[in-house]
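Please keep the sequence and the 3D view at hand while reading.

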Amino acid sequence: MLALAFIVVMLAGYGVNSLAASKKNTLVVAQTIDASTLDPQKQGKMPDMNILINIFDTLVTRDAKGRLAPALATEWKAINNVTWQFKLRKGVKFHDGEEFDAAAVKFSIDRLLDPKTVSPIAELRNVKETVVVDKYTVNIVTNEPDPILPNKTVLFGGVIMPPKYVKEKGDDFVAKNPVGTGPYKFVSWQKDHQVVMEANKDYWRGAPKFDRLIFKTIPSMADTVAALKAGEVDFVIGLTADAANSLANDNNIKILSAPWIRTYYVSLNATVKPLNDPRVRQALNYAVNTQGIIKNILGGKAKRVATLVPSQNFGYDASVKPYPYSPAKAKKLLAQAGYPNGFTVTFDADNLFLTEIQAIAAQLEQVGVKVKLNVMDNKTMVSKMQAKTVSEMYFIGNTGWTLDAMSNFQSYVKSDRRYARLKNSKLDELVDVEETTIDPAKRKAAMAEIQKILKDEAYFIYLWQLDNICAMNSKISYTPNVLGVLWMFPAKNK
């Protein structure tokens, strides 16, 4: 499952100042990227989910400490190795008045898995069937054991839709007019401009503190920072270190840095020359001064990772150490692989991360690897990844939002998965073990071995785990969560 970096901005009202926002009781959240669709089962990106999580509820959620917590499901348990049973919350209604129950859960999961839906959401691919036990009890049966199925219903896989509404209106209408059970009701969508929502006064958790929620698309960080400085912005999440530094002397703005689980790396196509040689891939890792980039470009607001897994996720193995920076070692390995004078490679670059990518490219050039940067916007990058037309190298960030290393591995490590560009039968075997074994100790052992192989084989250039830098106006109270998802129900005026 793909997810790229985003910047979030809460703007006061419709471009007015914070005091006016308080009077209008409107909260505006801006992202660099608009949603691709408002059908929650036909998207798989965090910017889409940031909007939709405010309209739809999921079966399970996470509390302020990152622990699994009840949402539409009040409790859950494994009743055998292939069956999870969920008890559902009573008295919940969709925004159109339709009742939430076990039939809605079955409908939603069946629709997600229906090939006609063409959903990019991969978390529930192991589900065999969903069985209604009674009105408020549902069993999810898997083809093989799934040790963390509840984790997978926290976001993308756990969204519940209204059966009657979807059947009557059809997919095309639903994709532009979503109806959920969440804290905000959909009002309107102007593509590449804004999504407008209003408070669900009958929300089962209680009415939101803001009467109106707007997600705006603001592609430029410069515009975002300018709006914040002008007092038109109350909250920013995902700031760069430079942007945060430019706001540091504003007495009306508080800068904070919150833990995040998003890791960044360069994907290498290990199935084509010269990247099919592990010595070449190892050389690329030695060539990049990751710690220098963290210090000088990211302002120290990140930490080095040895593989794909952030330190908070289950299965993380601290004994696997990152590659040290050694241009001499890189040159030696390239010579051993038959490339004493280096080679030329194309590097697809998301323009939101151009400074970091240019630094990486310059360091590769120093060991003889000639880099052709191919700069594009995020939408184009994602389209190329999905169409498998992306270049030999590309820079990517991924959020393992289940807080389990399974999420970090699932789309990139096993050879038959959508973004995999490697072939390793041992990795395939280990991914099967960690995805289908109930015993946590055995899962953790498999995950540790995966990380050791990923490090040794250097299938990626492993970079950093980014902190979530936020800037907050003193009038707004909101605490970012470790997942980085913008569920705005807790937001309020102080």
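In which sense do β14 and β19 pair, and over how many bridges? They pair in the antiparallel sense, over five bridges. Two strands are said to pair if DSSP finds at least two bridges between them, and helices (H or I, at least four residues) and strands (E, at least two) are DSSP runs numbered from the N terminus.

The model is predicted: local features need pLDDT of at least 70, side-chain atom pairs count only at pLDDT 80 or more, and totals for chains, interfaces and linings use all residues. Residues are numbered from 1 along each chain as its sequence is written, and side-chain values use heavy atoms, with hydrogens and water left out.

**The six-stranded sheet**

- An open sheet of six strands has the order β15-β19-β14-β18-β16-β17, with mixed pairing.
- Its edge strands, each pairing on one side only, are β15 (302-304) and β17 (369-376).
- On average, neighbouring strands of the sheet are turned by 30° against each other, direction ignored.
- Axes here are lines fitted to C-alpha atoms, for helices over the stretch in contact, and angles run from 0 to 180 degrees between N-to-C directions.
- Within the antiparallel pair of β14 and β19, serine 267 has phenylalanine 460 in β19 as its bridge partner.
- Strands β15 and β19 also run antiparallel and are joined by three bridges; alanine 302 has leucine 466 in β19 as its bridge partner.
- By contrast, β16 (residues 343-350) pairs with β17 in the parallel sense over eight bridges, and threonine 344 has lysine 370 in β17 as its bridge partner.
- Helix α11 (residues 354-366) lies across β14, β16, β17, β18 and β19 (460-466), and runs at about 165° to β17.
- Strand β19 is mostly covered, as seven of its seven residues are buried. Buried means under 20% relative accessible area, exposed means over 50%, and partly exposed lies in between (1.4 Å probe, protein chains only).

**Helix α15**

- Helix α15 (residues 440-457) has 18 residues and reaches 26 Å from its first C-alpha to its last, close to the 26 Å expected at 1.5 Å a residue. The expected span is 1.5 Å times one less than the number of residues.
- The buried residues of α15 include Arg443, Ala446, Met447, Ile450, Ile453 and Leu454.
- Among the elements covering the buried residues of α15 are α13 (405-409), α14 (425-436) and β19. Contact means heavy atoms within 4.5 Å.
- Aspartate 439 caps the N-terminal end of α15, with a side-chain oxygen 2.9 Å from the backbone nitrogen of alanine 441.
- Just after α15, alanine 458 takes a positive phi of about 50°.

**Nonpolar cores**

- The largest nonpolar core has 66 residues, of which Leu59, Phe86, Leu88, Phe100, Leu155, Phe215 and Met488 touch the most other members. Helix α3 (residues 102-113) gives the most to this core, with six residues.
- A second, separate core of 40 residues includes Tyr264, Ala283, Ile360 and Leu463.
- A nonpolar core is a set of buried Ala, Val, Leu, Ile, Met, Phe, Trp, Tyr and Cys residues joined through side-chain atoms within 4.5 Å.
- Leaving aside neighbours within four places in sequence, phenylalanine 100 is in contact with residues including Leu72, Leu88, Val92, Tyr136 and Ile160.

**Loop residues**

- Asparagine 200, in the loop between β10 and β11 (212-217), is buried, with a relative accessible area of 5%.
- A polar atom of the asparagine 200 side chain lies 3.0 Å from the backbone oxygen of glycine 182.
- Aspartate 192 has a positive phi of about 65° although it is not a glycine. Aspartate 192 is placed in the loop between β9 (184-190) and β10 (194-199), and counts as exposed at 53% relative accessibility.
- Lysine 388, likewise not a glycine, has a positive phi of about 60°. Lysine 388 lies in the loop between α12 (378-387) and β18 (393-399) and is exposed, with a relative accessible area of 55%.
- A cis peptide bond, with omega about -5°, joins lysine 273 and proline 274; proline 274 is found in the loop between β14 (262-268) and α8 (278-287).

Conventions
Polar contact = N/O pair within 3.5 Å; in protein donor to acceptor, adjacent residues only side chain to side chain.
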